[in-house]
Each structure stands twice: as C-alpha cells, then as structure tokens.
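User: I am new to this structure and would like to understand the words used to describe it. Could you take me through them with care?

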Amino acid sequence: MSVPAVNGLTHGPGSPLLSAKDEEVNLEQIRRYEDFSTVDWIQDSLHERNIRLKKVHGDYSHPGAGTGGDFASRMHNVSGIIGMVYRFFARMLEEGQTWVVFGLVGIGIGLNAALISIITVWLSDLKMGYCTTGWWLSQKFCCAEVSEEGEACAEWRNWGGIEPFRYMAYIFFAALFSFSAAKLVKSFAPYAAGSGISEIKCIIGGFIINGYLSFWTLAIKSLTLPLAIGSGLSVGKEGPSVHVACCVGNVIGQMFRKYRGSQIKMRELLTAASAAGVAVAFGSPIGGVLFAIEEMSHNFTNKTMWRSFVCALVATFTLSAMNPFRTGKLVLFQVSYDRDWHYFEIPAYVLIGIFGGLYGAFVIKFNLQVAAFRRKHLAAHGIYEAVTLAVLSAMIGYFNRFLRIDMTESLEYLFKECEGGGNYNGLCQTSTQWRMVNSLLLATIIRTGLVILSYGCKVPAGIFVPSMAVGAVFGRMMGILAKATQAAHPTSAWFAVCVPDQPCITPGTYAFLGAAAALGGVTRITVTVVVIMFELTGALTYILPLMITLLVTKAVSDFFGGGGMSDQMILFNGYPFLEKEDKEDDDHAYFEPIVNVMKRDLIVVYADGMPVPQLEEILQSTDYRGFPVVKSQTDPTVLGFIRKTELRYSLDRIRRRREDASSLSCTFQDLDGDEQLNRGDRSQTVFDNSPYIGGPPMPASNSSDQIDLGQYVDQTLLSVSPQLPLEIVMQMFRRMGPRVILVAKEGKLLGLVTVKDVLKHEAAVEHLHRQQQVSVAANTSSFQDWRDTVFNMEENAAGLEVVLEEVLKVVKGVGERVNSLLGHILGRFGGVSGFTGGNRQSSPRGYAYAETRGRDSNEPRGEEFELGGDEDD
C-alpha cells in the first residue's frame with residue numbers, strides 16, 4: 001500500500017528511492033528560513049563553502065551552484081582545449097553575472113525613481129489646477145515658455161477660478177489622493193506602508209520578513225508613494241525610496257539562482273540597493289554608499305562597498321538619462337552657491353545646529369507617543385487616519401505659502417540665492433522681510449506638528465524631506481534675520497569684512513544648513529549628511545560651516561540620548577536587532593558574565609536514543625526552532641544541535657516508510673560516520689542506508705528498532721564559558737551572526753543565550769537604572785532631571801498620547817450625539833430609529849495581521865530563533 005505524496009514526493013514499497021541530488025534539494029527546501037526568524041550567518045557561510053568546494057571538484061548540480069547541471073559537471077572535467085575553453089568562459093560568466101545583476105538592479109532603481117518623481121510633481125500640481133494644452137503636464141512643463149517668476153501663464157488653469165472654490169478643490173484632491181493611497185496599501189500590500197528603513201536594517205542584519213520585499217510591495221509602494229506625497233501629507237519619498245530600491249534588488253536577485261539560494265549574497269545585493277536608493281533620492285551616489293555604511297549594514301567589506309558604488313552610480317546615471325525634471329538636475333532642490341561665507345556667521349550656524357538637535361529629540365519623542373496611540377486606537381482605521389491627516393494638512397497648509405506647495409519645491413525656493421531667481425512670493429524683498437519671518441516661523445511650528453502626526457500613518461511615509469523642509473524654513477528665517485541685522489548696522493565692526501553696496505549674507509545657505517541640521521538630528525548620522533549636502537550643492541566652501549552645524553547637532557542629540565528615528569522604531573516594534581555601535585564599553589547592562597543572562601530550563605535531545613513518539617511530542621508541544629543534543633540523560637556533554645525543521649522532516653519520512661513507527665528509537669550518534677559530512681556535505685543522508693528506507697543496514701544501528709539521525713546534527717555550534725563577559729558575547733553575535741550560543745563548562749551544557757535574551761536583559765537593566773534615577777530625582781532638581789523628564793524616549797511616552805486619547809473621546813462623544821440626533825430626525829420622517837452602522841473595523845486578513853502582530857510593547861513583532869530555551873513570543 002503506497003503512502004500519499006507529501007510535498008510532491010511519493011514513497012511506497014514499489015516507489016524508487018530518492019537520489020542524493022533529490023534528497024539534497026528537499027533538504028534545501030525545508031531549511032528555508034521561516035517568516036519572522038533570523039538568519040544564522042555561520043550556517044549560511046558553510047553553505048557557501050560547500051558550493052565552492054563542489055565547484056572545485058567539478059560538481060555543478062548542487063542547488064545554488066550557479067548555471068549548468070549534469071552537462072556543466074561533465075564539461076568541467078573534459079580535458080584538452082575544449083575543456084579549457086569551457087572552464088574559461090564558465091568562469092567569466094560566473095564573475096560577470098554578479099556585475100550584470102548589480103547593473104540591472106541599478107537600472108531598475110533609476111527608472112523607478114524617475115517615474116515616481118514625474119508622477120509626484122504632476123499630482124502635487126494637480127491639486128492647484130490643470131494644464132489646458134495637456135492634462136498630463138505639470139505646471140512647470142505647461143508654463144515652460146514663461147521665463148520670469150510670477151509671470152502669468154495662460155495655459156495653466158486653477159480649479160474653480162476664484163476662492164473659495166480653489167480651497168475646496170485643494171482639500172478634495174488631498175482627501176482623494178490620501179484615500180487612494182491608504183486603500184491600495186490596505187487591500188494589496190500592507191507592508192508598503194511607512195518608511196521601511198527600520199525593517200530594511202533588520203532584514204540586512206538577518207531578520208526574515210517574508211513578503212516585505214516582494215513584487216506586490218514594490219508595485220503598490222511605487223504607485224502609492226506619489227499619491228501620499230501629492231496629498232500634501234508631511235511625508236517624504238526619500239525614506240521609502242530605500243525600501244523600493246531594496247524591493248527592486250530582491251525581485252531581480254530572485255531571478256538568479258546564485259542569489260536566490262544564498263542569504264549572504266542577497267544581503268550584499270540589498271546593501272547595494274539601499275545605497276542606490278539614497279543615491280537617486282538625493283542625487284548623491286557617494287552619499288548613498290556612505291549611508292549604507294553608516295546606517296544600514298553591520299558587515300561592510302571592501303567588495304560590498306565597491307559593488308554598492310557601482311550600483312549607485314548606474315542608478316544615478318539612469319536617473320540622469322531619464323532627466324525627469326527636464327532641467328539636468330537629479331532632484332528639484334539641487335542648487336549651487338558662488339558666494340563665500342564669513343566667520344561672523346558662525347554663531348548663527350551654531351544656533352541652527354542646536355535647533356537641529358532639539359528638533360530631532362522633540363520629533364522622535366512625540367512621534368513615538370503618536371505611534372503608541374496609533375497602535376492602541378487606530379490599528380483598524382488606517383484609511384480614516386490618512387484621510388483625516390491629509391484634510392487637516394490641506395486646511396491648515398493652504399493659507400501658508402511655504403506649506404501649500406510640495407516640500408521639495410519649497411526646498412528649491414528656500415535654497416536659492418536671491419540673485420538666482422529665488423524671489424518666491426517676495427521672499428527676497430526687504431519690504432516684506434518681517435512678514436516672511438512670521439510666515440517662516442509659523443511654517444516651522446506647523447510643519448513640525450504635522451510631521452509628528454503624519455509619520456507612521458498607513459501610507460508610504462518618509463521623514464527625510466519633511467525634516468529637511470522644517471530645517472530649511474527655520475534656517476531661511478535665521479538667514480533673513482542675519483541679513484536684516486547686517487543691513488541695519490553696516491558700519492559695525494562685526495560686519496567689517498562686508499563690501500558696501502554688495503550682498504554679504506546669503507539667506508539661502510542658512511536654509512541649506514538648517515535642512516542638514518534637521519536631517520542629522522532626526523537620523524543621528526553626520527558624515528553621510530555632509531557628503532549628501534556637498535553633492536547637492538557642489539560647494540566646497542561650505543564644507544566647514546556644514547561640519548560645524550552637524551557637529552553641534554550631533555552633540556545636542558547625544559546629550560538627550562537615544563538613537564535616530566529608525567533605531568527607535570526598531571525598539572518600538574520589538575525587532576531582534578543589534579545596534580551597530582559597540583556601546584558595551586560604557587553600558588552597565590554588559591558588566592556581568594553570561595551565566596547571569598543565559599537560559600537554564602532547556603529541552604534537549606539525547607544522543608543515545610529517544611522514542612519516535614517522544615520526539616513527535618516535543619515537536620508538537622513546543623515552539624522552539626531547534627534543540628541541543630547531549631550524550632545522554634546522565635551525561636550532558638554537548639554534541640551539537642538539531643533544527644526542528646530537519647527533525648520533523650526525518651520523522652515524517654520514517655512515518656511514510658513505516659506505518660507502525662511507535663516502537664522505533666532514534667539515536668544521534670553517527671556524527672562522523674560520513675566523510676562527506678565532515679566537509680559540510682549532507683547529500684548522503686541517513687535514509688540512503690537505513691534498513692527501513694532501503695539499502696544496506698547502518699553500521700551505527702545495532703538494533704533493528706533503531707534509526708540513527710546523527711547526520712542531521714549540526715556540530716558547528718558556538719560554545720562559551722559561563723564566566724565570559726556579556727560584552728564579548730555581544731561582539732560574537734554582531735560579528736559572526738550565530739542564532740544561538742551555548743554556555744558549557746568543560747563540555748557540559750549549562751544553558752544557552754540568544755540575541756533576544758540579551759536584548760531583554762538590556763531592557764530590564766536599563767528600566768531598573770531609570771527607576772533608580774527617578775527615585776533620586778524625586779529628592780533633587782536639576783537641569784539633568786529636566787532633560788530626562790522632557791526628552792526621555794521611553795518612560796515619559798504618555799504625554800501626547802494622553803492628549804490624543806482625550807481628543808478621541810471628545811470626537812467619539814460628538815459623533816454619538818450627532819448620530820443620535822440624525823437617527824431621531826430620520827425616525828420621525830422615515831421610521832428609522834438610528835444608524836446602527838455595523839462593524840466597520842473588518843479588514844483583510846493580511847492587513848489585520850500586519851497591523852496587530854507584534855504591536856504590543858510586551859510582545860516583540862519578530863520571532864527570534866530559539867533552541868529549546870525560550871518560546872517564540
């Protein structure tokens with residue numbers, strides 16, 4: 001009697017045995033990383049090593065070995081001139097494939113960025129009016145023949161013609177665009193919401209989120225990103241550009257077996273894609289590479305850096321060839337300065353740097369509070385939230401000249417010199433300078449509030465350009481004040497270097513420095529921002545002011561503590577991510593041995609034999625991803641560990657081959673019986689020589705009721721002494737990338753530790769330390785206490801959230817009263833007692849899953865790989 005097929009395979013008395021190649025393909029499939037788990041970089045490195053060894057021996061049949069198969073293996077061993085020529089071209093093809101893949105990724109990113117830029121500009125202008133000569137033209141293209149700023153354009157028509165119809169049309173299109181973006185995201189690709197940089201950092205670090213870089217996510221995010229920006233929400237496209245770029249890299253990489261079967265190669269490709277995403281967003285290929293080094297990747301080799309640069313360069317060249325703005329610029333706010341700066345302006349630069357640091361700390365703190373409120377109350381109302389924020393932004397922003405237009409367009413006007421066409425709405429006129437200062441100050445305050453509320457809503461949303469817009473309006477205000485001060489006191493010794501009757505201060509450079517300060521404050525990166533801003537302007541003379549401003553911003557940001565926005569969102573979502581910096585040197589959470597952190601209550605597998613029913617019970621009753629293997633119940637000597645997927649696979653095959661397997665016992669002792677296994681090759685499995693599967697009896701099995709599964713035991717496990725400091729263990733996790741580290745003394749198993757265990761310990765110690773600080777602060781009062789009270793990122797994350805909850809209560813109360821009143825009125829006329837409404841919180845299963853999974857502060861979103869020590873949360 002044959003057994004039903006499982007995974008497309010049939011096994012029965014008359015069915016042929018699986019070949020070694022088929023067996024290996026099956027094992028490769030079951031070893032695929034599951035969703036919300038972490039990559040074991042050591043195992044992946046061994047997998048790459050096995051592929052290289054097979055190539056050396058002429059075997060090209062291994063999954064992921066590259067092009068070819070049996071024919072390639074035979075041709076590789078052919079002698080003579082034919083074999084030599086074949087091996088030469090095979091080597092060239094193998095090496096050239098890497099550059100082809102990176103080149104294709106760069107081209108795809110450049111094309112996608114150009115289309116997004118063109119559509120974004122058109123949708124932003126569509127809120128104000130339309131072009132009579134072509135509805136698909138933006139205002140700048142429609143009025144290309146208009147040379148002077150402010151000159152009337154007959155081809156462009158405003159909606160409604162007069163107020164308040166323009167105002168109503170502006171709000172209508174904002175609501176329409178935001179609704180379309182949120183609805184598409186919710187219905188087709190929930191992962192397209194947000195910025196994506198936090199998740200990309202985790203994915204590059206080894207965190208598996210299936211579907212986050214899929215084709216559907218790429219398509220929906222590319223479509224909804226212009227809609228979100230065109231709606232007027234205070235969100236940008238530069239952050240999501242990194243997510244979109246990595247989606248392009250993943251989609252193209254999956255087409256090649258070389259990258260599809262290797263997490264290490266895919267990590268390298270995604271790192272290069274993230275660099276290209278920043279490069280096309282800012283027109284800065286070198287800045288993109290530095291961003292990948294400083295912000296994204298833990299392990300950045302010279303090879304990865306070179307390939308990232310090539311990918312970023314190809315993407316930037318493609319974007320330049322597309323020329324989306326028809327001006328030769330890669331981004332709208334790309335400018336150049338030809339006037340030098342003066343030393344008397346340094347105090348103003350310092351003030352701008354202080355503002356950038358304060359802005360970053362303020363926005364991060366209160367945005368986390370809004371995120372907590374959103375997770376608690378708005379998880380099922382993403383569409384309503386996005387539309388409400390867009391309408392609110394449109395209603396307020398329409399009356400401010402710097403909030404009404406698109407943020408990238410406002411950056412273009414704010415960065416420009418007055419002598420270079422930068423007199424937008426009288427921005428450079430002396431007679432209107434105080435009115436402009438008032439407008440810029442209001443724009444700074446309102447935009448900051450809108451950024452706090454909008455970043456994180458369920459549409460593609462970045463924070464780079466919104467922060468730059470806030471810094472630019474503040475910096476331009478400082479520049480106008482500095483210019484007015486110099487004009488009021490031209491003979492002062494402070495301004496002695498200024499030439500009379502010639503411009504001395506350039507307010508546009510203050511906007512440029514303010515944008516850099518706000519961007520550095522919210523991201524906590526420095527060198528990358530300097531290079532990006534330099535590539536945007538090409539002005540070497542402003543490198544020193546830029547460095548001064550960002551150093552002050554960095555100092556202020558570090559004074560208030562905490563990481564950048566992406567780091568804080570990683571902590572907020574509970575991702576198992578190790579910070580890049582080695583903070584163990586001065587962090588009290590790492591001053592103790594690993595024995596105080598390890599997990600002691602373990603479920604282990606005994607190598608001398610365990611009944612099949614007992615093993616199956618362990619698999620069914622636990623959520624662990626693997627189990628340590630020890631010699632016996634009385635001898636806890638560590639032999640290795642076995643993954644849950646491989647153990648389940650082997651037991652399923654035993655059950656399919658023998659119906660009554662309850663009397664069988666599985667041992668794990670033949671660890672070194674196969675010479676190929678010592679090289680990491682598991683193509684010859686236990687089922688090829690098991691008496692119940694076929695073939696000769698196993699030498700290691702002396703009883704007919706025993707099957708040895710020792711070849712599935714992984715012996716490459718890291719083991720440390722219980723007295724090893726925690727900081728050293730953290731360096732091992734960070735640099736080597738294991739999923740788990742066993743703690744053993746003289747070979748005897750004591751416990752194990754994972755990344756999540758260390759992060760939990762760190763959080764507990766920091767919480768205790770903070771409570772001690774609060775108790776001490778109750779008896780004293782100082783500026784340090786005020787700083788911790790105002791800008792603490794975790795303990796004080798309730799102020800704005802409480803305010804929003806009170807507002808929500810008021811809105812619900814008003815809504816209920818309105819509903820009751822309408823129901824009473826309609827009940828009199830039509831017999832309707834009221835609006836029952838029904839349950840409107842239903843959503844597609846995938847969306848609800850993405851909204852709720854891991855959103856509890858006590859439940860990390862990702863499931864860390866655990867080996868018999870801790871259940872997956």
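Analyst: A nonpolar core is a set of buried Ala, Val, Leu, Ile, Met, Phe, Trp, Tyr and Cys residues joined through side-chain atoms within 4.5 Å, where buried means under 20% relative accessible area, exposed over 50% and partly exposed in between, with a 1.4 Å probe and protein chains only. The model is predicted, so local features need pLDDT of at least 70 and side-chain atom pairs count only at pLDDT 80 or more, while totals for chains, interfaces and linings use all residues. Residues are numbered from 1 along each chain as its sequence is written, and side-chain values use heavy atoms, with hydrogens and water left out.

User: Which residues touch the most other members of the largest nonpolar core?

Analyst: Of its 125 residues, these are Ile-109, Phe-402, Phe-415 and Met-533. Helix α14, residues 346–377, gives the most to this core, with 13 residues; helices here are DSSP runs of H or I with at least four residues, strands are runs of E with at least two, and both are numbered from the N terminus. Apart from this core lies another of 23 residues, among them Phe-627 and Leu-664.

User: What makes Phe-165 count as partly exposed?

Analyst: Its relative accessibility is 46%, and partly exposed is the class between the buried and exposed limits, so Phe-165 belongs there. Phe-165 is found in helix α6.

User: Why are α6 and α15 called roughly antiparallel?

Analyst: The axes of α6 (residues 165–188) and α15 (residues 382–397) cross at roughly 155° and come within 8 Å. Axes are lines fitted to C-alpha atoms, for helices over the stretch in contact, and angles run from 0 to 180 degrees between N-to-C directions. Angles under 35 degrees count as roughly parallel, over 145 as roughly antiparallel, 65 to 115 as roughly perpendicular and the rest as oblique, and α6 and α15 are therefore roughly antiparallel to each other.

User: How much of the chain counts as buried?

Analyst: Of its 873 residues, 55% count as buried, and the chain has 31 helices and 13 strands.
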